[in-house]
Amino acid sequence: MKIQKKQIGTLAGIIYFLFIIVSFMVGFKPGEQIGHNFIDFSVEMLKILPCAFILIGLFEVWVKKESVEKHLGEDSGVMGYIWVILLSGTTVGGLYVAFPVAYSLFKKGAKLSVIFTYVSSCAICRIPMTIFESSFMGIKFSLIRLLVSIPLVIISSIWLGNYIETRNYKIMK
Amino acid sequence: MYYLYSATGLTLLISFVVNRAKTLKAVKIAFKQLATIFPAFLTMLILVSIVLFFVPDKIISNYLGNNNKLIGVVLASLFGSITLMPGFIAFPLSGILLKKGVSYMVLSSFTTTLMMVGILTYPVEKKYFGAKVTIIRNVVSLLISLIVALSVGFFFGEFL
């Protein structure tokens, strides 16, 4: 069953790329547009992902499990959330970078509610993005957004963390 | 972007000088993890390229200009959830829409769902957190975006 699903996925991928190649050959505009979208976004991600993963690798090699456990683990208290929100402010990219970083933090002993807070605040608290946002939408807009969303993110992450801990949750096989 | 490259390069260099074996191990971990998640990223990129074809910026601008604020918020959340757009495109677009008279509330639901709710990043998120947690997190994020939008609307006096 599992293998079948994987094969269907691979087949869909092959069909997709054949479609793009043929579109470019015969000049089929929608196909070309999709191809351009694919290339644009791939380039965007290729600019960030290798760096992100090298930093993750360095983090896994150098940072001691005890120190992550102490600051972001079960007994970290309020400071754990403050640390990850600050960390998320400096994270580059978006959600797709936050997931692997969160996974590494979890492996090093960060508690679930802290990593969920990290993921969501990566979406909303990145500093360069927020500065950019306020230059177009005004500071008032950004401030309301941050002040309303951060507490909600922390509360919902604590709830989600507790909820799945009681259900024997396993992160990535 | 350059500070990311310089920071990565510098950290890598320092690490290499301090301990060569550990650094090589780190690079190996990086490649292994990247390879593991690669198929999920590819799936995401394929979905992005198709969705952006059917929902281009133009369509989003047209629909957000809707006069009814409630419909505007619903449509904005929908667009924000199903698309993926880097900030350097999303915020200038919102800035233009703002000047055209689209309310802060509608734009807030668009940008916040764009940032927090990731239907297109589902393949990647699922790989790390599993389907159940991914779905819960995204539904919760959608609710948070709505609350944020209502608060923005309230503070900008757009309810009346």
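## Chain A: overall build

Chain A has eight helices and zero strands, where helices (H or I, at least four residues) and strands (E, at least two) are DSSP runs, numbered from the N terminus. Read along the sequence, its elements follow the pattern α-α-α-α-α-α-α-α. This is a predicted model, in which local features need pLDDT of at least 70 and side-chain atom pairs count only at pLDDT 80 or more, while totals for chains, interfaces and linings use all residues. Residues are numbered from 1 along each chain as its sequence is written, and chains are lettered from A and ligands numbered from 1 in the order in which they are written.

The radius of gyration of chain A is 20 Å, whereas a compact globule of 173 residues would have a value near 16 Å. This radius is taken over C-alpha atoms, and the globule rule is 2.2 Å times the number of residues to the power 0.38. The C-alpha trace of chain A spans about 60 × 50 × 30 Å along its principal axes.

Of the 173 residues in chain A, 40% are buried. A residue is buried if 20 or more other C-beta atoms lie within 10 Å of its own, exposed if 12 or fewer, and partly exposed in between, with C-beta atoms placed from the backbone. Two residues are in contact if their C-beta atoms, placed from the backbone, lie within 7 Å. Among the contacts in chain A between residues at least 6 apart in sequence, 71% join residues at least 24 apart.

A:Met45 sits in helix α2 (residues 29-62) of chain A. A:Met45 has 19 other C-beta atoms within 10 Å, so this residue is partly exposed. A:Val97 is 52 residues from A:Met45 along the chain, and their C-alpha atoms are separated by 9.3 Å.

## The nonpolar core

The largest nonpolar core has 83 residues, and those with the most contacts inside it are A:Ala98, A:Phe99, A:Ala102, A:Leu105, A:Ile115, A:Tyr118 and A:Val119. Its largest share, 11 residues, comes from α2(A). Such a core is a set of buried Ala, Val, Leu, Ile, Met, Phe, Trp, Tyr and Cys residues joined through C-beta atoms within 7 Å. Leaving aside residues up to four places away in sequence, A:Ile115 touches A:Ala102, A:Leu105, A:Phe106 and A:Ala110.

## Chain B

Chain B also has eight helices and zero strands. The radius of gyration of chain B is 20 Å, well over the 15 Å that the globule rule gives for 160 residues, so chain B is more spread out than a compact globule. Its C-alpha atoms fill a box of roughly 65 × 30 × 30 Å, taken along the principal axes. Buried residues make up 39% of the 160 residues. For contacts in chain B with a separation of 6 or more, 79% are between residues 24 or more positions apart.

B:Pro92 lies in helix α5 (residues 87-99) of chain B. With 13 other C-beta atoms within 10 Å, B:Pro92 is partly exposed. The C-alpha atoms of B:Pro92 and B:Ile144, 52 residues apart along the chain, are separated by 23 Å.

## Where the chains meet

The contact takes 57 residues from chain B and 51 residues from chain A. On the side of chain B that touches chain A, the elements giving two or more residues are α1 (2-18), α2 (20-54), α5, α6 (104-116), α7 (122-129) and α8 (131-155) of chain B. Of these, α2(B) gives the most, with 18 residues.

By class, this side of chain B has 38 nonpolar, 14 polar and five charged residues. Ala, Val, Leu, Ile, Met, Phe, Trp, Tyr, Cys and Pro count as nonpolar, Asp, Glu, Lys and Arg as charged, and the others, Gly among them, as polar.
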